[in-house]
Amino acid sequence: MTGANIDYDYLLKFLVLGDSGVGKTCLLYQYTDGRFHTQFISTVGIDFREKRLLYNSRGRRHRIHLQIWDTAGQERFRSLTTAFYRDAMGFLLIFDLTSEKSFLETANWLSQLRTHAYSEDPDVVLCGNKCDLLQLRVVSRDQVAALCRRYRLPYIETSACTGANVKEAVELLVGRVMERIENAACNREFSLLLTQSRCLPNIAYGQPEDLVRLHDRREEPCSRRNCRNC
Amino acid sequence: MSLNPQYEDIGKGFVQQYYAIFDDPANRANVVNFYSATDSFMTFEGHQIQGAPKILEKVQSLSFQKITRVITTVDSQPTFDGGVLINVLGRLQTDEDQPHAYIQTFVLKPVGGSFFVQHDIFRLSLHDV
């Protein structure tokens with residue numbers, strides 16, 4: 001990767017984690033609906049979506065290139081390998097408000113991601129998805145609040161179906177990670193991660209020309225998958 | 001025992017029959033009938049399992065319902081005990097997930113004019129090291 005193709009200030013890589021069926025893919029689809037490209041890399045079984053953002057902070061405007069990685073269903077067969085977590089700067093941990101099990105599993109996901117992430121205390125935003133299904137809700141606010149206190153997590157209730165809070169959830173994480181970046185000078189682990197991601201590529205980035213081509217094909221429709229509620 | 005000259009047909013026939021049952025959510029648990037209660041090994045994504053009851057438990061723990069499958073190749077060899085070694089290369093799609101390539105290997109062991117699955121190794125073809 002040469003510097004010539006980089007027309008952004010920061011490349012942020014996020015992972016979406018959570019049990020199968022909680023609505024990860026659907027949430028991402030909402031976030032990047034119609035406007036952005038999704039790319040499935042079959043050799044590694046990873047689906048990633050990209051989006052450009054502007055982030056204003058301390059009187060400066062930063063151009064952000066956001067990549068969000070999705071598991072593409074491989075967690076149905078196996079636990080995710082270390083490679084999946086590599087270079088991730090932030091995590092969206094999603095559970096289903098209508099599934100007690102998916103909520104209980106968030107503790108396991110947290111321990112997984114803390115084991116494999118660049119540090120033991122990475123930025124995580126917890127999302128209680130399917131908040132539109134009021135009648136079916138089984139996870140109480142108290143339960144979630146206890147978990148958030150215990151792990152010191154920011155929490156937001158989303159609906160991938162209606163789109164409620166989806167943008168807010170991602171931007172909450174962007175804000176947290178950007179804050180960490182701006183303080184990176186005093187965080188050795190994170191500055192190392194930043195340096196690595198700036199010089200790319202790892203397995204999923206592909207050739208520089210691919211990266212450029214992706215942004216030129218914004219019109220390509222994303223296929224809506226895995227969302228039976230919509 | 002000698003080599004079974006029908007190994008190609010047995011391999012193809014078995015694969016077709018096995019996946020017809022496995023891929024039907026209502027019928028999936030019946031794949032257990034292909035395995036021996038004690039003398040079957042399964043390695044599912046590196047996870048080692050022995051015996052039909054444990055294999056059934058594994059199959060039932062899989063979280064997808066629908067599975068769509070495309071078989072690319074079925075390669076078979078006769079084994080010297082009259083059985084068949086089968087290697088399947090294919091792609092599968094669980095529910096609405098993205099399709100994944102996979103490899104599955106079976107060893108069919110002859111027993112009284114029929115066969116049971118003595119060995120079964122399954123891997124998604126993900127190169128993510």
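Here is a short tour of chain B, to follow in your viewer.

Keep in mind that this is a predicted model. Following the sequence, they come in the pattern α-β-β-α-β-β-β-β. The radius of gyration of chain B is 14 Å, close to the 14 Å that the globule rule gives for 129 residues, so chain B is as compact as a globular protein of that length. Its C-alpha atoms fill a box of roughly 45 × 30 × 30 Å along the principal axes.

Next, colour the strands. In chain B, six of them build an open, mixed sheet with the order S2-S1-S6-S5-S4-S3. At the edges sit strand S2 (47-50) and strand S3 (67-78) of chain B, each pairing on one side only. On average, neighbouring strands of this sheet are turned by 20 degrees against each other, direction ignored.

Now zoom in on one pair. Strand S1 (residues 41-44) and strand S6 (residues 114-124) of chain B are parallel partners, joined over four bridges. Select Phe41(B) and you will see His119(B) of S6(B) opposite.

Then turn to the helices. Helix H1 (residues 7-22) of chain B lies across S3, S4 and S5 of chain B, at about 155 degrees to S3(B). Helix H2 (residues 52-61) of chain B lies across S1 and S2 of chain B, at about 135 degrees to S2(B).

Which residues meet here? The contact takes 16 residues from chain B and 19 residues from chain A. On the chain B side, six are nonpolar, five polar and five charged.

Conventions
Residues numbered from 1 in each chain as written. Chains lettered and ligands numbered in written order. Predicted model: local features only at pLDDT ≥ 70, side-chain atom pairs only at ≥ 80, totals over all residues. Helix = DSSP H or I, 4+ residues; strand = E, 2+ residues; numbered from the N terminus. Rg over C-alpha atoms; globule rule 2.2 N^0.38 Å. Contact = placed C-beta atoms within 7 Å. Nonpolar A, V, L, I, M, F, W, Y, C, P; charged D, E, K, R; others polar. Pairing = 2+ DSSP bridges. Axes fitted to C-alpha atoms, helices over the stretch in contact; angles between N-to-C directions.
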